[in-house]
Amino acid sequence: MHLTDREQAMLSGDFGAGTALAMRIQQAIGEAFDAPRMVPVSRTHVALSNQDADLWFVEKLLDLGAHCRVAPTVNPGFDVEYFQNLDQVSSPDILQMKRTAQAYHDIGAILNYSCTPYLFDNIPRQGEVVAFSESSATPYVNSIYGARTNRESAQSALCAAITGLVPEYGLLRTHNRRAEVVVEVEARMDDGLAYQLLGYAVAPRIRNKIPVFTGLNTDISPEDLMNLGAELNTAGAVSMYHIVGLTPEAQTLDMALGRHEPQEVIHITQDDLDRVKQLNSKRSGPIDFVMLGCPHLSLRQLQTIAALLHGQTLKTELWLNTSASTRLIASRMGITQIIEQAGGHVLQDTCVDQPIWNHLAGKIGATDSLKCAYYTTRRSLGFSLGSIEACIEASLKGAIGE
Ligand code: F3S
């Protein structure tokens, strides 16, 4: 891979040992993927996880004097202020979250703690080269904005934030962005859950190739697009999709395919979606809690939930995750208060995959998110799936699907 004199100087340590380490990692990635050169990035997003390896890596870079040249937005961990006085979280876990927050503060990150930065805080334009990690973020910025990012890890995105560069390979190059598989959707896409199920059903069938969807409307909500990408990139490693008439690079099917024949055409039926739902749901019947906001809920979703809850009392715990900016606006609008009066919790800065849900281990909840159900298995949480509306009804009744 060709490096400019400045990039060579970064690698040699002229810009400090932290930058040199980040550059060494990126050079190795570039060589592994036959990248011809490095190119500048204008935005980055780091999928901070607050887990041991994440903390180890950011602290190592800090110890070596690294600082971000292109400040990244970051994923949620958990809201320390909210959880530190609750029995359900241990002191070492509180300490780890504080260390993570401090490390990302010191390295120069934008501390938005949200997994949907592309809706609010970090929005690229078409053609912009960026380095975004996080399952819903990578496909959203590629497919909806027409920006260019590879499927970065938290670590490689942090390296990009430090050097301000990425190796030019994969989805940064035009010919790698064309669709390879046509997915004809024949299912009823009549609620938000359908888009989650679609992503989860398609990913294993296309084996990480880039799909172009036909049979979908072009007025799909940002929330449904966010969830479609999250599930494509959770059940598989699909960092870009095309929807004809919606993706900037796919105004026609021919354009999406780069004027090539598709390698394959697959059909997704209602039976396919029903099967995914059934296979990933524990059972219908009584539930102990409801968890929504994986990825983080938008203001519009919180508004829907508040309208469903207005003046009622919940029978189960209800945990809603959103960004701090969305929560602030929701509170100004009285949305948070309606949800809290019903007995629900509206959390900011918080992810479902954190060590703060110990009191829910072994219990069965409801969620609209397959990603939530998948990641929390290791924390012994069980889920049945339903749309946001069905989950709220379940929280009011204490049971789902009855
Ligand atoms: Fe967001 Fe955590 Fe889910 S980062 S998408 S709430 S696993």
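**Entry 1: Glu134 and Lys371.** I looked up glutamate 134 and found a salt bridge to lysine 371, with the closest N and O atoms 2.8 Å apart. I counted as a salt bridge a side-chain nitrogen of Lys or Arg within 4 Å of a carboxyl oxygen of Asp or Glu. The model is predicted, so I note that local features need pLDDT of at least 70 and side-chain atom pairs count only at pLDDT 80 or more, while totals for chains, interfaces and linings use all residues. I number residues from 1 along each chain as its sequence is written, and side-chain values use heavy atoms, with hydrogens and water left out.

I placed glutamate 134 in the loop between β4 (130-132) and α6 (137-143), and lysine 371 in helix α15 (residues 370-375); the pair links distant parts of the chain, 237 residues apart. Helices (H or I, at least four residues) and strands (E, at least two) are DSSP runs, numbered from the N terminus. Both glutamate 134 and lysine 371 are buried, where buried means under 20% relative accessible area, exposed over 50% and partly exposed in between (1.4 Å probe, protein chains only).

**Entry 2: the ligand.** I then listed the residues around the ligand: Asn75, Pro76, Cys115, Glu134, Gly293, Cys294, Pro295, Cys351, Val352 and Lys371. By class, I found 6 nonpolar, 2 polar and 2 charged residues in the shell; Ala, Val, Leu, Ile, Met, Phe, Trp, Tyr, Cys and Pro count as nonpolar, Asp, Glu, Lys and Arg as charged, and the others, Gly among them, as polar.

**Entry 3: other salt bridges.** My search of the whole structure found 16 salt bridges. One of them joins glutamate 264 to arginine 207, with the closest N and O atoms 3.2 Å apart. Glutamate 264 lies in strand β9 (residues 264-268) and arginine 207 in the loop between α8 (192-206) and β7, so the pair ties together parts that are 57 residues apart in sequence. Glutamate 264 counts as partly exposed, at 28% relative accessibility. Arginine 188 and aspartate 190 form another bridge, at 3.7 Å between the closest N and O atoms; both residues are exposed. I also recorded a network of salt bridges that links Arg43, Arg125 and Glu128.

**Entry 4: aromatic pairs.** I found 10 aromatic pairs in the whole structure. Rings of Phe, Tyr and Trp (its six-membered ring) pair if their centres lie within 6.5 Å; planes under 30 degrees apart count as stacked, over 60 as edge-to-face and the rest as tilted. Phenylalanine 213 and tyrosine 241 form an edge-to-face pair, 6.1 Å centre to centre and with 75 degrees between the planes. Phenylalanine 213 is in strand β7 (residues 211-214) and tyrosine 241 in the loop between α9 (222-232) and β8 (242-243), 28 residues apart. Phenylalanine 213 counts as buried because its relative accessibility is 1%, and tyrosine 241 counts as buried at 0%.

Tryptophan 319 and tryptophan 357 are also edge-to-face, at 5.2 Å centre to centre and 75 degrees between the planes. I located tryptophan 319 in strand β12 (residues 317-322) and tryptophan 357 in the loop between β13 (345-348) and β14 (364-367), 38 residues apart. Both tryptophan 319 and tryptophan 357 are buried.

**Entry 5: Leu318.** I found leucine 318 in strand β12, buried with a relative accessible area of 0%. Leucine 318 and glycine 344 are 26 residues apart in sequence and 4.7 Å apart in space, C-alpha to C-alpha.

How values were computed
A residue is near a molecule or strand if one of its heavy atoms lies within 4 Å of it.
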